[in-house]
Amino acid sequence: MKNPTVSIIIPVYNAEGTITRCLDSIIHQTYSSIEVIIIDDGSSDLSGSICDNYATKYNYIQVIHKKNEGLGLTRNVGIDNSKGQYIMFVDSDDYIEKNCLFGLYQYVKKNNSDVCFFHRAKYLKNGVVKESQEIFDSKCNTNELIGLCLGEPLKKDLFEIGPAWKAVYNRKFLQEKNIKFKSEREILSEDYIFSAEVCAKANVICFYDKTIYYYCDNEQSLTNSYRSDRYKKAVVLYKEMHKIAEKYKLTNNEILRMDNNFLIN
């Protein structure tokens, strides 16, 4: 599609068991003004072939095969190759709500959003879907939103906005502000810094009060996997977060979130 309104970026690495569910949730959307950019990050299983098969059937799907570099840099490849007015990130082991894209697009277009956050549900291993209990607070100021991006939620927090897949982004905004992902091979979690930078630089931030995304349990994911260098990367992340906290003069509550994040990781 020459002028899609929404670009859906899907990083894939050894996801042959889940990528079909992910892609089916997208191709069955009734909204058609989309492009799907799949980046195969050097998979050694059948993921690449499965994605290529989808691309031969649907002309709005393209597959980019590249050497393995990790999730953050792979998402950057998707941003660089996207053409839509808005960008969504969907991980290969997750999926999105049926027929959600038209309403989401209409909402972000109406609000002229740089970034629009939405609800997510969690798909558990036993097949149970746990709905989000979040309540978006439209009165949050920019610094509060930055703080919510940087660490583990506190008991008083009503919602979370850290994961990159929990929002839709204006593509020109990301490009003009040169917002990219860092490599999780250098820093423990690329999402925290990316989302904080988005909130810090956005002029219009809005919240779509509907469930769009289904996050799925995956014991093999980077989040759940043991890594011997995890502590070292957590220290790098912690220092980066404190630089942001100092720059934007975040409160003690925001600092506490970062400390909680460091202790948990």
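Q: What makes Tyr192, Ile193 and Ala196 in helix 7 contact partners of residues in helix 8?
A: In this predicted model, they meet Leu237, Glu240, Met241 and Ile244 of helix 8, and contact means heavy atoms within 4.5 Å. Helices here are DSSP runs (H or I, at least four residues; strands are E, at least two), numbered from the N terminus. The residues of this contact divide into 6 nonpolar, no polar and 1 charged. Here Ala, Val, Leu, Ile, Met, Phe, Trp, Tyr, Cys and Pro count as nonpolar, Asp, Glu, Lys and Arg as charged, and the others, Gly among them, as polar.

Q: Why are helix 7 and helix 8 called roughly parallel?
A: Their axes come within 10 Å and cross at roughly 10°. Axes are lines fitted to C-alpha atoms, for helices over the stretch in contact, and angles run from 0 to 180 degrees between N-to-C directions. Angles under 35 degrees count as roughly parallel, over 145 as roughly antiparallel, 65 to 115 as roughly perpendicular and the rest as oblique. So helix 7 and helix 8 are roughly parallel to each other.

Q: What makes helix 5 roughly antiparallel to helix 7?
A: Helix 5 (residues 142-150) and helix 7 (residues 190-201) pack at about 170°, with axes 8 Å apart, and that makes the two roughly antiparallel. Among the residues in the contact are Leu145 and Ile146 of helix 5 and Cys199 of helix 7. The whole set splits into 9 nonpolar, 2 polar and no charged.

Q: How do you know that helix 1 is roughly parallel to helix 2?
A: The axes of helix 1 (residues 19-27) and helix 2 (residues 47-57) come within 10 Å and cross at roughly 20°, so helix 1 counts as roughly parallel to helix 2. Leu23 of helix 1 and Tyr54 of helix 2 are among the residues making the contact.

Q: Why do Asp41 and Lys66 count as a salt bridge?
A: Their side chains meet at 2.6 Å, N to O. A salt bridge needs a side-chain nitrogen of Lys or Arg within 4 Å of a carboxyl oxygen of Asp or Glu, so the pair qualifies. Asp41 lies in strand 2 and Lys66 in strand 3, so the bridge ties together parts 25 residues apart in sequence.

Q: How do you know what confidence the predictor has in the chain?
A: Check pLDDT, the predictor's confidence in each residue, from 0 to 100. The chain's mean is 89, and 92% of its residues reach 70 or more. Over residues 220-226, though, pLDDT is below 50.

Residues are numbered from 1 along each chain as its sequence is written. Local features need pLDDT of at least 70, side-chain atom pairs count only at pLDDT 80 or more, totals for chains, interfaces and linings use all residues, and side-chain values use heavy atoms, leaving out hydrogens and water.
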